[in-house]
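Dear colleague,

I am passing on the structure below, together with some notes on its charged side chains. Please read the notes with the sequence and the model open beside them.

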Amino acid sequence: MEDDDKWLLAIDLFDEPKGVKGTREMREHMRSKSPQHITLLHQVVKLQDIKIKQQHETIAKHERYVKHVSQVIKEYKEQFDEQRKQVNSQKTMLKDIQHDLTKLRVTSRKQNKNLSETIEELSEKFDQFLLDYSISKADADLKVSARYGEHLWIIRNYSRRLRRIKLGKSDDPIRSDPFYTASPGYRLCIWVYLNGRGKSLGSAISVYGKVMAGDFDPIMSWPIRPQFTFTLYEQNRAASDRKDIVRRRRVHEIKRDHDEKNSITRVNGGIPRPLGDDRSIIVGFDNFVTHEELHTCGFLKSDNIFLKVEVEINV
């Protein structure tokens with residue numbers, strides 16, 4: 001709004017303004033310009049109305065904000081009051097815990113001496129137990145090692161040996177080198193009838209394990225019940241693909257031929273100490289593998305056979 005129009009708000013439009021010298025020209029000017037002044041006045045009033053509405057909106061916005069802030073303050077106060085209650089409750093619990101700890105300290109001091117003595121006593125007993133266990137385990141390991149043995153025998157020139165046996169130029173069975181389960185231990189060997197034995201004569205290979213008189217027999221346990229596991233290896237294949245023949249025989253499954261009274265189980269269920277001759281019991285299979293299987297299933301290569309025996313001695 002122009003400065004020369006502002007003074008119109010404070011005067012009557014047709015009277016002379018205060019402090020202004022009235023003249024005919026001024027009155028004429030006011031009469032001729034009154035429509036414009038009235039229009040200008042309307043615009044001023046309209047502008048004021050707009051400003052008033054804007055102020056009302058601003059006030060309403062501030063009132064909403066104040067209301068929101070009041071609500072937030074109320075919620076914070078409620079949370080603060082709740083937290084204060086929790087803190088007071090925790091303080092009470094802490095006091096109770098401190099009281100209990102004090103009681104426990106007093107009780108602990110009384111028990112520490114007895115506990116220390118008990119721990120010391122248990123420690124001594126445990127040390128003694130470990131010592132006894134070590135001695136016992138070492139003794140057991142020695143006994144177990146003395147009761148297990150294995151031997152791998154490569155039978156070479158199979159065809160020539162078999163031919164000489166059939167011609168009566170060589171004895172059957174053939175025998176492996178003796179071996180011990182341990183030192184000290186039991187002395188054993190493998191017997192193999194290349195042309196078979198009993199009902200399998202001429203059609204199969206018979207395999208047996210034999211307990212022999214040994215240097216340590218006087219200090220070994222007798223009688224014994226050995227278990228023999230015989231393995232005939234398939235050759236020229238990876239170990240995971242081989243189809244070895246594995247057969248197992250326990251001594252209590254065998255008796256002397258045609259002699260119930262002289263069953264090997266007659267002496268406390270086992271084999272007695274050998275007498276140093278060749279009459280002790282052999283344990284194994286008359287029909288361990290047929291000659292046909294030997295030739296067709298990969299067990300004979302370069303005229304050699306790989307035969308393994310594992311023996312586990314039970315007393």
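On the surface, Arg-160, Arg-161, Arg-163, Arg-164 and Lys-169 gather in a patch of positive charge. A patch here is made of residues with over 30% relative accessible area and no salt bridge, with like charges joined within 9 Å and nonpolar side chains (Val, Leu, Ile, Met, Phe, Trp, Tyr) within 5 Å. Lys and Arg count as positive and Asp and Glu as negative, while His and the chain ends are not counted, and the place of a charge is taken as NZ of Lys, CZ of Arg, CG of Asp or CD of Glu. Accessible areas come from the Shrake-Rupley method with a 1.4 Å probe, and for residues only the protein chains shown count as cover.

This is a predicted model, in which local features need pLDDT of at least 70 and side-chain atom pairs count only at pLDDT 80 or more, whereas totals for chains, interfaces and linings use all residues. Residues are numbered from 1 along each chain as its sequence is written, and side-chain values use heavy atoms, with hydrogens and water left out.

Arg-160 counts as partly exposed because its relative accessibility is 43%, where buried means under 20% relative accessible area, exposed over 50%, and partly exposed in between (1.4 Å probe, protein chains only).

A negative surface patch is formed by Glu-117, Glu-120, Glu-124 and Asp-127. Of these residues, Asp-127 lies in helix α2 (residues 24-146) and, at 47% relative accessibility, is partly exposed.

Side chains of opposite charge can pair when their charged atoms come close. The whole structure holds six salt bridges, each being a side-chain nitrogen of Lys or Arg within 4 Å of a carboxyl oxygen of Asp or Glu. In one of them, Glu-121 pairs with Lys-125, with 3.5 Å between the closest N and O atoms; both residues lie in helix α2, four residues apart, about one turn of the helix. Asp-81 and Lys-77 form another, at 3.3 Å between the closest N and O atoms, and here Lys-77 is exposed at 52%, while Asp-81 is partly exposed at 22%. Asp-244 and Arg-242 also meet in a salt bridge (3.1 Å, N to O). Salt bridges that share partners join Lys-77, Asp-81 and Arg-84 into one network.

Definitions and conventions
Helix = DSSP H or I, 4+ residues; strand = E, 2+ residues; numbered from the N terminus.
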